[in-house]
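Subject: Structure handover

Hello,

Here is the structure I promised to pass on. Please have it open while you read the notes below it.

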Amino acid sequence: MAFLNLRKNQLPIILIIALAMQAEWVVAQNCGCGASLCCSQYGYCGTGDPYCGQGCQQGPCYGGGGNNGGGAGASNGSGVGVSVADLVTSDFFNRITSRDSGNCAGKNFYSRDAFISALNSFPQFGKIGASVDDSKREIAAFFAHVTHETGHFCYIEEIDGASKDYCDESNKQYPCAQGKKYYGRGPIQLTWNFNYGAAGQSLNFDGLNSPEIVANDPIMSFRTALWLWMDNVRPAISQGFGATIRAINGAIECNGGNPSSVQARVGYYNDYCNQFGVTPGGNLIC
């Protein structure tokens, strides 16, 4: 489940320089950062747009900056891309599905072909950062979360999801439709009316009145997962894999909420990084 939707606008470089020259910085006590470091929205210490820009909690914060989730923004640029299809081969995909429980709904629903078709709507996926390794890490991170959320592509819908409605009645932009429930569906378990509404608006389907499409159309199912990734999760990836866990499930798993789930996600991520021949980087847990 994801609750965040980052939007950033790059400040002119002269403003960043001016702020960097200020004599007095606020110590980021909540993160335990040094006086010259920012405490990011996701609780990590560092400098630059991902840490000091949108959502910065403490330290030498400044407004704006960085990449918006849906495309190739300033902090990540257009990125050094790799061929996603060359990495996500049939063998790679089948190794994930082969570890499911066998008799489950997702076995005949999720496929590499559906993922590749959905990918056409998100040409910037796998094009991030300053190196090919950064792009490989993004793909590894995405599939680590997908593997965990679906139980190796076994689950299309959240277990016992029908008993929950996930309706935020205070959200007037995307009001809940009568009789509809917005429990987790798809590869990253799209959840809550405000996410179904926003995804539907972006991907041209009626997410509020027909949330079932995410569990009935495999291509749309992957498209919602990629939408959720690009809009809500990708902006955190420069801060390490742990920040992507926080962007997806926040306190439900992070800060001791569910350490076994965190370790499972990290395990998949390390495995896929190894398969892609790239180091996983730092800040793996949240």
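Below is what I found, starting with the annotated site.

First, the ground rules. This is a predicted model: local features need pLDDT of at least 70, side-chain atom pairs count only at pLDDT 80 or more, and totals for chains, interfaces and linings use all residues. Residues are numbered from 1 along each chain as its sequence is written, and side-chain values use heavy atoms, with hydrogens and water left out.

The UniProt record, an unreviewed entry, marks Glu149 as "active site". Such annotations may be inferred rather than shown by experiment; positions follow the numbering used here, and feature names are shortened. Glu149 sits in helix H6, residues 132-150. (Helices are DSSP runs of H or I, at least four residues, numbered from the N terminus.) Glu149 is buried at 13% relative accessibility. (Buried means under 20% relative accessible area, exposed over 50%, partly exposed in between, with a 1.4 Å probe and protein chains only.)

Now the salt bridges. The whole structure has 7. (Each is a side-chain nitrogen of Lys or Arg within 4 Å of a carboxyl oxygen of Asp or Glu.)

- Arg265 meets Glu149 at 2.6 Å, N to O. The two are 116 residues apart, with Arg265 in helix H11 (residues 259-276). Arg265 is buried at 1%.
- Glu253 pairs with Arg265 at 2.7 Å. Glu253 lies in the loop between helix H10 (241-249) and H11. Glu253 is buried at 4%.
- Shared partners join Glu149, Glu253 and Arg265 into one network.
- Glu158 bridges to Lys164 at 3.0 Å. Glu158 is buried at 17%, while Lys164 is partly exposed at 32%.

Best wishes
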